[in-house]
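The following note concerns two local features of the structure shown below.

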Amino acid sequence: MDPTGSIPTAHDESPAPPDGHLQRWVPGVGLARRYRRSWWRNDAVAALVLTALLVPQGMAYAELSGLPAVTGLYTTVTALAGYAVFGPSRIMVLGPDSSLAPVIAAIIAPLVLGDSPGEAVALAGMLALLAGAIEIGSGLLRVGTVTDLLSMPVRVGYLNGIALLVLASQLPKLFGFGVDGDGFVDDIEKFVRGVADGQTVTASLVIGAACLVVILAGQRMMPRVPWVLFAVLGSIAVVATLDLADDGVAVVGALPRGIPRPSFPTVGWDDLWPLTVGALAVAVVSMADTAALSRSVSAKRGERVDQNREAVGLGASNVLTGLFQGFPMSASSSRTMVAETVGSKSQATGLLAAGLIVVLLIGANEALADLPSSVLAAIVIVASFRLFDLGTIAWLAKVRRTDFLASVLAMGGVVLVGVLGGLAIAIGASVAVFVWKRWRPHVAVLGRIRGRKGYHDVERHPTAYRVPGLLLFRFDAPLFFANAPYFEQCLLEALDDADSSIDRVVVSGAPMTDIDTTGCETLIQVLDELDRRGVEFAFAALKGPVKDRLRRYGLFDRIGEDRFYPTLGRAVMEFADETGAPPRPAKNRSSTIRKDPPEPSA
C-alpha cells in the first residue's frame with residue numbers, strides 16, 4: 001500500500017515511495033518527496049480556477065451556517081492546507097459544504113445568546129475540534145467505514161431534505177430581507193408573509209435573480225466556465241457603480257484584514273455536551289460525504305483509498321480549522337470535479353489556492369465589500385438544486401418500494417423535524433430497512449431445471465424437478481433472533497406443502513453467514529419437530545465459521561458430521577444413492593420437463 005493511503009495500481013503516475021510510519025499518517029510528506037515539476041503548470045491553473053469558486057462559495061456557506069462570511073474563507077484556507085498534509089486522496093477538495101451548513105446552524109443557533117457573532121464563531125470552532133477528534137478516533141480505531149451503515153436511499157433522502165431546508169432559508173435573502181424562521185414550514189410561511197407585506201428589496205432581487213439565471217444557464221451550456229466568478233464580479237460592479245448599498249441593498253462589507261492567529265475556542269461548560277452530541281452528527285454526515293466522494297474519485301483514477309486514512313485526514317483538517325476560527329467542513333463534489341476537469345495533479349492545487357485566498361485577505365480585503373448578500377443566496381440556492389436528487393428518488397420508486405419509502409421518510413424527517421432530528425430518523429430508517437430485509441428474508445424450496453446448473457426456486461420455476469422424499473430449502477439471511485421464528489415457520493410450512501412424503505430436509509447454508517443463540521434455540525426446536533415426524537435434517541454448503549459455532553452450541557454432533565454436505569449437488573446424489581430416488585428428471589420424451597424462459601436469478 002502506498003504510504004499516502006492509496007493502493008498503487010497500473011494507472012499510478014509515479015512509483016510508490018518506500019513505506020514509512022510518518023508518510024502513512026502524513027501523506028503530504030510523500031507528496032513533497034515525489035512531486036514532479038511537470039505537474040506544476042496543471043496545479044497552478046487548477047488553483048486559479050478553483051479559487052474563483054472557493055471564495056464566494058465559502059462566504060455563502062458561512063452565512064448559511066449562521067456565521068460571519070469571512071469565517072468561510074478561514075475554513076477554506078485551513079481545510080485545503082490541512083488536507084494537503086494529512087489527506088490520502090490525490091486531488092479531492094475539502095471546504096465549507098452546503099449539506100453540512102444547516103447542521104452547523106442547527107447545533108450552534110440555540111446556544112448563542114442574542115446577537116453575538118463572536119460567541120457563534122467560538123462555538124463553531126469548538127464544534128469543528130470535537131468533530132475532528134471523533135473522525136480521527138474513528139480512523140485510528142479502523143471504524144472509518146461505519147458511515148456505510150447509512151444506506152444510499154436514506155442518504156439521498158436526507159440530502160434532499162437538506163436541499164429543501166437550504167432553499168427555504170435562502171429565499172428571503174434572495175428577495176433582500178431576512179426572517180427568523182424555525183424550520184422549513186416556518187421559513188416558507190414567513191417568506192410568503194414578508195413578500196406580501198412589501199419587504200422585498202427590488203434591486204437585491206433583480207441582482208440575485210440575474211446571477212441565479214447566469215450561473216444555472218451558464219453551467220448548463222458551458223460547464224467549464226467559472227460562471228460563479230462572473231456573477232460575483234458583475235454584481236459587485238453594478239452595486240459599486242450605482243451606489244446601491246445606499247439604497248437598501250445588503251452587502252458583505254469589507255472583510256477583516258489577514259488571517260487569525262491559532263487559538264483554542266473558549267466556550268461554556270454547559271455548551272460542551274450539546275456540542276459533543278452535535279459533533280457526532282457532523283462527523284457522521286461529513287465522513288459519509290467524504291467517503292462516498294473519495295471512492296468515486298479514486299475509482300475514476302484507478303486508485304483505492306483506505307477510508308480509515310480518509311477519516312484521519314478529514315479529522316485533522318477539521319481540528320486545524322477549529323483552531324483558526326473556522327467551522328466543520330467536508331469534501332466537496334463540485335469543487336473536486338472542477339479541480340479534476342482543469343487538470344489538477346496533486347494536493348499542491350489546494351495549497352496554492354489556500355495561498356491565493358490568504359493574499360486576498362491580506363492585500364485585497366475590501367475587494368468584496370460591495371458583494372450583495374442576495375448573490376450569496378443565489379450561489380447557495382444553486383447548490384441546493386444540485387443537492388436535490390429527484391432522479392434517484394424516481395428510480396427507487398420504480399425498482400424497490402421499501403428503499404423509496406425509506407428515502408422519503410428521511411427527507412420528510414429533515415423537513416418536518418429539523419436537521420438533527422432528521423438525521424436520527426435517517427439513521428433509524430437505514431437500520432430499520434436493514435433489519436426488515438433480514439427479519440423477513442426471501443425463502444425458497446429448490447428444484448432442478450433441465451439444461452441449467454444448480455438448484456432453483458420452484459416458485460419462480462414451477463416445472464422444476466424435485467427429488468421424491470427430499471426437500472431442499474434455502475433461507476437467504478443469517479439466522480438470528482429477529483428471523484429465527486420465521487425460519488421455523490417457513491421450513492415447517494414447506495414440509496407440510498410438499499407433494500410427497502419427505503424423508504430428509506437439506507437446508508442450503510450458503511446464505512447463512514451466522515447463527516446466533518436464538519437461532520440455535522430455534523434449530524433445536526426444528527430438530528425436535530423433525531424427529532417427531534421421522535424426518536432427517538442436513539446442511540449443505542454451510543461455511544466453516546458457522547459450523548464452528550454449531551460445535552460450540554453442541555448442535556454439530558446432534559445433526560451428525562455426515563449430514564454436513566459440501567454442496568447441494570452432493571447432498572442430492574447421496575440421498576439418491578441411499579434411497580434409489582432419481583436425482584434428475586428423466587430424459588425420455590414423455591417425461592421431458594418444459595424449460596422455463598431465461599430469468600435473471602434463481
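1. The axes of helix α6 (residues 117–140) and helix α11 (residues 269–300) cross at roughly 55 degrees and come within 8 Å. Because angles under 35 degrees count as roughly parallel, over 145 as roughly antiparallel, 65 to 115 as roughly perpendicular and the rest as oblique, α6 is oblique to α11. Axes are lines fitted to C-alpha atoms, for helices over the stretch in contact, with angles from 0 to 180 degrees between N-to-C directions.

2. This is a predicted model, in which local features need pLDDT of at least 70, side-chain atom pairs count only at pLDDT 80 or more, and totals for chains, interfaces and linings use all residues. Residues are numbered from 1 along each chain as its sequence is written, and side-chain values use heavy atoms, without hydrogens and water.

3. Contact (heavy atoms within 4.5 Å) involves, among others, L123, M126, L127 and L130 in α6, and L272, L275, A279 and M287 in α11. The residues of this contact divide into 13 nonpolar, four polar and two charged.

4. Strand β5 (residues 443–448) runs antiparallel to β7, joined by three bridges, and A444 stands opposite R474. Strand β8 (residues 504–508) pairs with β7 in the parallel sense over five bridges; V505 in β8 is the bridge partner of L471. Pairing requires at least two DSSP bridges between two strands.

Notes. Helices (H or I, at least four residues) and strands (E, at least two) are DSSP runs, numbered from the N terminus. Ala, Val, Leu, Ile, Met, Phe, Trp, Tyr, Cys and Pro count as nonpolar, Asp, Glu, Lys and Arg as charged, and the others, Gly among them, as polar.
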